[in-house]
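Hi everyone, thanks for making time for this. I'd like to walk you through one structure, and please keep the picture open while I talk.

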Amino acid sequence: RISNPDQRLTQDADKWASAVAGLYLNVTKPVLDIIMFSRKLAELVGWEGPALAIGWYVIAGGIIKVLSPAFGRLTAIEQKLEGEYRTKHTDLLNHAEEVAFYNGSEWEKMHIDAKFYELINHIKSVLYKRYLMGIFDSMLVKYGAVMVGYTVVGLPVFGPNSEAYLK
């Protein structure tokens with residue numbers, strides 16, 4: 001009942017273990033950093049600073065969410081294609097005598113190659129989309145955050161309480 005069990009046992013288990021191992025690094029540490037950074041920034045420039053920074057990241061996250069393709073769905077398609085490619089090889093291995101007897105090597109090669117090129121073209125497409133999203137993400141988050149950071153740093157001098165700071 002399980003399609004491509006060899007695929008599930010090798011590739012999927014390895015990817016699951018990597019995802020679980022990266023959970024701490026990708027969730028807990030950033031949340032702790034945000035809390036500590038916001039407290040210290042609020043002490044130095046007031047609550048306007050952290051609110052402005054967090055607001056920027058919420059807006060940037062919303063824009064990225066709207067513009068980014070469904071990478072989860074694309075990864076599921078990639079896994080399906082990879083499983084089908086492995087299945088073609090397994091079928092060839094299981095039916096090698098019949099293929100040789102009926103001289104079907106060219107037909108089998110054509111079908112395996114077609115499945116391979118389908119998989120490779122899909123992977124290329126996903127990598128290109130990741131490349132474009134990486135550029136857009138770094139421009140939006142990196143340079144946008146620098147602009148917001150300059151604004152936050154300028155709050156004591158140019159903000160609503162500048163008279164107290166400049167005395």
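**A walk along the chain**

Let's begin at one residue. Leaving aside residues up to four places away in sequence, histidine 122 touches Leu74, Ile77, Glu78 and Leu81. Before I go on, please remember that this is a predicted model.

So where does histidine 122 sit? You can find histidine 122 in helix α6, which covers residues 105-158. Is histidine 122 buried or exposed? Its relative accessibility is 13%, and because buried means under 20%, histidine 122 counts as buried.

Now let's zoom out to the whole chain. How many helices and strands does the chain have? There are seven helices and zero strands. If you read along the sequence, the pattern is α-α-α-α-α-α-α.

What about the overall shape? A compact globule of 167 residues would have a radius of gyration near 15 Å, but this chain has 26 Å. Along its principal axes, the C-alpha trace spans about 95 × 25 × 20 Å. Of the 167 residues, 23% count as buried, and histidine 122 is one of the buried residues.

The chain exposes about 12,600 Å², with carbon and sulfur atoms supplying 67% of that. As for charge, you can count 18 positive and 18 negative side chains, and the centres of these two sets lie 8 Å apart.

Next, contacts across the sequence. Take the contacts between residues at least 6 apart in sequence: 78% of them join residues at least 24 apart. Let me show you some pairs of residues with that in mind.

Please find valine 141, which is also in helix α6. The C-alpha atoms of valine 141 and alanine 60 are separated by 6.6 Å, although the two residues are 81 residues apart along the chain. Which residues does valine 141 touch, not counting those up to four places away in sequence? They are Trp56, Tyr57 and Ile64. With a relative accessible area of 25%, valine 141 is partly exposed.

Leucine 44 belongs to helix α2, residues 23-45. It counts as exposed, at 60% relative accessibility.

Serine 125 gives us another pair. This residue is in helix α6 and counts as partly exposed, at 31% relative accessibility. Serine 125 and aspartate 91 are 34 residues apart along the chain, and their C-alpha atoms are separated by 27 Å.

Last stop: asparagine 103. Where is it found? Look in the loop between α5 (96-101) and α6. Asparagine 103 has a positive phi of about 55°, although it is not a glycine. Is asparagine 103 buried or exposed? Its relative accessible area is 65%, and since exposed means over 50%, asparagine 103 is exposed.

To wrap up, keep two residues in mind: histidine 122, buried in helix α6, and asparagine 103, exposed in the loop between α5 and α6.

Conventions
Residues numbered from 1 in each chain as written. Predicted model: local features only at pLDDT ≥ 70, side-chain atom pairs only at ≥ 80, totals over all residues. Heavy atoms only, no water. Helix = DSSP H or I, 4+ residues; strand = E, 2+ residues; numbered from the N terminus. Buried < 20%, exposed > 50% of the residue type's maximum accessible area, 1.4 Å probe, protein only. Contact = heavy atoms within 4.5 Å. Rg over C-alpha atoms; globule rule 2.2 N^0.38 Å. Areas by Shrake-Rupley, 256 points an atom, 1.4 Å probe, with all protein chains shown as cover. Lys, Arg positive; Asp, Glu negative; His and termini not counted. Charge placed at Lys NZ, Arg CZ, Asp CG, Glu CD.
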